[in-house]
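Here are my notes for you on this one. Have a look through the model first, then go point by point.

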Amino acid sequence: MPIPRSPLQAGRSREAAGADTLDGDDRAAERTAPDPRTPDDGAPGDSARAGAQAHAGDDAQAHARNHRARHDCLIVGAGPAGLTAATYLARFRRDIVVVDAGRSRARWIPRSHNVPGFPLGVAGPTLLERLRTQAGEYGVDIVAGRIGRLERADGAFVATAEDGRSWHARTVILASGIVDVMPAMPGLEDAIDRHVVRLCAVCDAYEARDERIAVYAPVEEGIAHALFLRTFSPRVAVVRSEPGEPSPAAAQAARDAGIALWPPSVSLHHDGECCVFIFHHGRVQRFDTVYPVLGGDAQSQLAAGLGARMDDNRELVVDAHQQTSVEGLYAIGDVVSALNQISVGVGHAAIAASDIHQRLPRNFRDATVAG
C-alpha cells in the first residue's frame with residue numbers, strides 16, 4: 001500500500017526517462033569479412049566493395065539480433081534509485097540494461113546532510129558518481145539516450161529509444177522520477193548553489209533554521225509547507241505564485257503560526273546573498289531562503305501507455321514489491337506515489353531488484369565456472 005502523501009512531497013524531482021544500449025554480454029562479436037574475390041569478377045575494386053557490403057550486412061543482422069535479445073531487466077533512469085537497482089541486479093548475476101538521459105534530480109543538490117553514511121554531507125553529483133562507480137564494479141554499463149515508447153510483445157517488454165533503437169526485457173524498472181516546475185528567475189542554478197533557493201524542506205530545512213524563509217507557491221499549498229518550516233524558523237512567509245485566497249481554516253492556521261501571506265510578486269531575483277521579491281508599487285521583500293513549491297511532472301508516460309495505475313499527480317501506484325498494476329513493470333524513486341527522498345528511493349530499489357530476481361528463472365552457478 002502506498003505511503004500516504006503529505007504536502008511536502010511537492011518539492012518535485014528531476015529524474016527523467018533515459019537512454020539505452022546493450023550491456024557487455026550483448027555487444028556484437030567480431031566477425032571476419034568474407035573473401036573479397038568473387039567467381040565471376042576478379043576486379044579488386046568490385047571485389048572489395050562486395051566484401052564490404054557483405055560485412056555491413058552481417059553487422060546489421062548482428063545488431064538486430066542483439067536488440068532482439070531478451071534481457072532480464074531494463075532500468076530506465078540512473079539516479080540514486082536506478083543505480084542502486086542496477087547494482088543489486090548485477091550482483092544477482094542478472095543481464096540488465098540501464099538507460100539514462102542524465103537529468104537526475106540529485107544533480108541539483110549542492111550538499112545534502114540527510115543521506116545516510118555522509119556525516120559531513122555529500123553533493124548530488126558526487127553521490128551519483130560514487131553510485132555509478134559502484135555499479136561499474138559489477139559490469140553495469142550506463143549509456144546516454146532516451147526511451148520514447150514502452151510496449152508488450154511476445155511475453156516481453158519492448159523499449160524503443162527516440163533514435164529508433166529498441167530492446168527486449170523480461171521485466172522493467174522505471175526510475176524516471178519527476179521534473180520540477182521551477183520559478184522563472186535569472187541565475188536559478190547559481191541561487192541553488194548558494195542555498196538561497198532550496199528545493200526540499202524535508203532534506204535541508206535544518207540548514208535554513210532561523211533564517212528568513214519564504215515559500216513560493218499557490219497559497220493553500222504554500223501555507224501547508226510554511227507550517228512545516230515553522231519547526232525550523234520563526235520567520236516564515238508565503239509569497240503567492242498566483243492569485244488566490246486560502247480557505248478559512250488555512251488562513252487561521254497561518255495567523256496562529258505567525259506566517260505572513262504576500263500577494264503575487266512582479267519579479268524574483270537573487271543578489272548572491274538573498275532572494276529578492278519585488279511587488280506592485282515597488283515594495284521589496286528579501287528572504288535568506290526561498291522554497292519554490294510549484295508542482296512537477298511525473299515521468300510516468302511509459303507506464304501510462306501500458307495502462308498502469310496512477311494517483312491524482314500521475315505518480316505510479318505500486319504494491320509491496322514495487323510492482324505497478326502491470327505485471328513485470330516496477331517503479332521506484334520519485335515517480336512512485338510516496339515520499340520523495342533519496343533514502344526512500346534506494347529502499348524501493350532493493351525491494352524491486354530482489355523481487356525481480358526471485359521471479360525470474362533460476363540462474364544457478366555452473367560448477368565448471370566455479371572450479
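1. Start with the rings. Y216, W262, F277, F279 and F287 are linked into a cluster by ring pairs. Rings of Phe, Tyr and Trp (its six-membered ring) count as a pair if their centres lie within 6.5 Å; planes under 30 degrees apart are stacked, over 60 edge-to-face, and the rest tilted. By this rule the count comes to six aromatic pairs.

2. Before you go on, a word on what you're looking at. This is a predicted model, where local features need pLDDT of at least 70 and side-chain atom pairs count only at pLDDT 80 or more, while totals for chains, interfaces and linings use all residues. Residues are numbered from 1 along each chain as its sequence is written, and side-chain values use heavy atoms, with hydrogens and water left out.

3. Now zoom in on one pair. F277 sits in strand 12 (residues 275–278) and F287 in strand 13 (residues 284–287), ten residues apart. (Helices, H or I with at least four residues, and strands, E with at least two, are DSSP runs numbered from the N terminus.)

4. L268 lies in strand 11 (residues 267–270) and counts as buried because its relative accessibility is 8%. Leave aside neighbours within four places in sequence, and L268 is in contact (heavy atoms within 4.5 Å) with P183, A184, M185, P186, C275, V276 and F277. From L268 to V284 it's 16 residues in sequence and 9.9 Å in space, C-alpha to C-alpha.

5. Next, the helix pair. Two packed helices are described by the angle between their axes and the distance between the axes. For helix 6 (residues 219–229) and helix 7 (residues 248–257), the axes come within 10 Å and cross at roughly 35 degrees. Axes are lines fitted to C-alpha atoms, for helices over the stretch in contact, and angles run from 0 to 180 degrees between N-to-C directions.

6. Who does the touching there? Helix 6 brings E220, I223 and L227, and helix 7 brings A250, A251, A253, A254 and A257. By class, that makes seven nonpolar, no polar and one charged residues. (Nonpolar covers Ala, Val, Leu, Ile, Met, Phe, Trp, Tyr, Cys and Pro; charged covers Asp, Glu, Lys and Arg; the others, Gly among them, are polar.)

7. Two backbone spots deserve a look. H195 has a positive phi of about 65 degrees although it is not a glycine; you'll find H195 in the loop between helix 4 (188–193) and helix 5 (201–204). Q322 has a positive phi of about 70 degrees, and Q322 isn't a glycine either; its loop runs between helix 8 (301–304) and strand 16 (329–331). H195 is partly exposed at 30% relative accessible area, whereas Q322 counts as buried at 6%.

8. Finally, step back to the whole protein. There are ten helices and 16 strands, and 49% of the 371 residues are buried.

Technical notes:
Buried means under 20% relative accessible area, exposed over 50%, partly exposed in between (1.4 Å probe, protein chains only).
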